[in-house]
Amino acid sequence: MTTKDEGVHNGHRARMCERLFKNPNSFSDHELLEVLLYSVIKRRNTNDIAHKLLRTFGTLENLFEADAKSITLVSGVGDATAREIKVVGQILKKLKDKPIKKPELFSFANKKESIIAEFKGEINEKFIMYLLNDKHELVSKLDFKDHNPSSVSADIPEIVKAIALNSPYFAIIAHNHPSKNLTPTEADDFTTGKLNVICSMHGVNLVDHIIVSDDDAYSYFISGRMGYIRKYFNFDRLVSKNMEEILK
């Protein structure tokens, strides 16, 4: 049977947990410690114990770095509570000591070899579109293949759908030339222009078109070709040009 005091006590814990989920940044140090101790101290006021621990050790950092014996010297703290605090302390230590690995930016310079590897062994044309966020990190990759060894077409509805789902900031396209010639064709230029129009319509920056052949690759961006296409084949320019012709 639950007493009136226990009901009030449980209600307070429930409210604290709900608040933690909704607004964790509103918690003070002693409140975070109070909630942490719920799992090991079932029927006592952990708020008082949290205050005692912080008065003894000064800060949460000092508490989590303290040895278990020192923690149990605080009035009301047993082995189970000390163990809980030590586990959290060890987790924090491992996280602090672990080097932070910065994500590698996706660009032709540092991804050339991996992009070439994507087409290794392909005897037919293959088309890939990489979608990146504003930090140049990959958020999605689309692959298109064709049984025709000399051509491949991108699935425009699939590209538009992927853009809508991932909200990318940048895009890079790549395809291979089974002919082993890296020189862009008229069809390559047309595809690049068409996709740049679609990307610009959705606020995405198409930054490069990479052509792969054997162990080498050609970059529209590095060659300067991409700048020309972005200038003359974008949604705003085409709309403006058509409006001028209509209103003549």
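In what order do the strands of the open sheet stand, and with what pairing? The order is β2-β1-β3-β4-β5, an open sheet of 5 strands with mixed pairing; two strands pair if DSSP finds at least two bridges between them. This is a predicted model, in which local features need pLDDT of at least 70 and side-chain atom pairs count only at pLDDT 80 or more, while totals for chains, interfaces and linings use all residues. Residues are numbered from 1 along each chain as its sequence is written, and side-chain values use heavy atoms, with hydrogens and water left out.

**Overall content**

- The protein has 12 helices and 5 strands; helices (H or I, at least four residues) and strands (E, at least two) are DSSP runs, numbered from the N terminus.
- Of its 248 residues, 34% count as buried, where buried means under 20% relative accessible area, exposed over 50% and partly exposed in between (1.4 Å probe, protein chains only).
- Among contacts with a separation of 6 or more, 58% come from residues 24 or more positions apart; a contact means heavy atoms within 4.5 Å.

- The edge strands are β2 and β5 (216-219), each of which pairs on one side only.
- From one strand to the next, the twist averages 20 degrees; axes are lines fitted to C-alpha atoms, for helices over the stretch in contact, and angles run from 0 to 180 degrees between N-to-C directions.
- Strands of a sheet pair through backbone hydrogen bonds, either parallel or antiparallel.
- β1 and β2 run antiparallel and are joined by 7 bridges.
- Strand β1 (residues 126-132) is also antiparallel to β3, with 6 bridges between the two.
- On its other pairing, β3 runs parallel to strand β4 (residues 205-213) over 7 bridges.
- Met129 has Leu142 as its bridge partner in β2 and stands opposite Ile173 in β3.
- Two further bridge pairs involve β3: Ile128 has Ala174 as its partner there, and Phe170 is partnered by Asn205 in β4.

**Strand β3**

- Strand β3 (residues 170-176) is mostly covered, with 7 of its 7 residues buried.
- In a regular strand the side chains alternate between the two faces of the sheet.
- In β3, Phe170, Ile172, Ala174 and Asn176 point one way, Ala171, Ile173 and His175 point the other way, and all are buried.
- A right-handed β-α-β unit is made by β3, helix α9 (residues 186-201) and β4. A crossover is right-handed if, with the strands pointing away from the viewer, the path from the first strand over the helix to the second runs clockwise.

- Helix α11 (residues 225-232) lies across β4 and β5, running at about 140 degrees to β4.
- The axes of α8 and α9 are 11 Å apart, and the two helices pack at an angle of about 35 degrees.
- The crossing of α8 past α9 is right-handed; a crossing is left-handed if the near helix is turned anticlockwise from the far one by less than a right angle, and right-handed if clockwise.
- Ile156, Ile159 and Val160 in α8 meet Lys194, Leu195 and Ile198 in α9.
- The residues of this contact divide into 5 nonpolar, no polar and 1 charged. Ala, Val, Leu, Ile, Met, Phe, Trp, Tyr, Cys and Pro count as nonpolar, Asp, Glu, Lys and Arg as charged, and the others, Gly among them, as polar.

**Ala162**

- Ala162 has its place in helix α8 and is buried, with a relative accessible area of 9%.
- Not counting residues up to four places away in sequence, Ala162 touches Leu131 and Leu142.
- Between Ala162 and Val139 the C-alpha to C-alpha distance is 10.0 Å, at 23 residues apart in sequence.

**Positive phi values**

- Most residues other than glycine have a negative phi.
- His136 has a positive phi, near 65 degrees, in the hairpin of β1 and β2, which has 5 residues between the strands.
- The relative accessible area of His136 is 27%, so His136 is partly exposed.
- Ser167, in the loop between α8 (156-166) and β3, also takes a positive phi, near 45 degrees.
- Ser167 counts as exposed because its relative accessibility is 57%.
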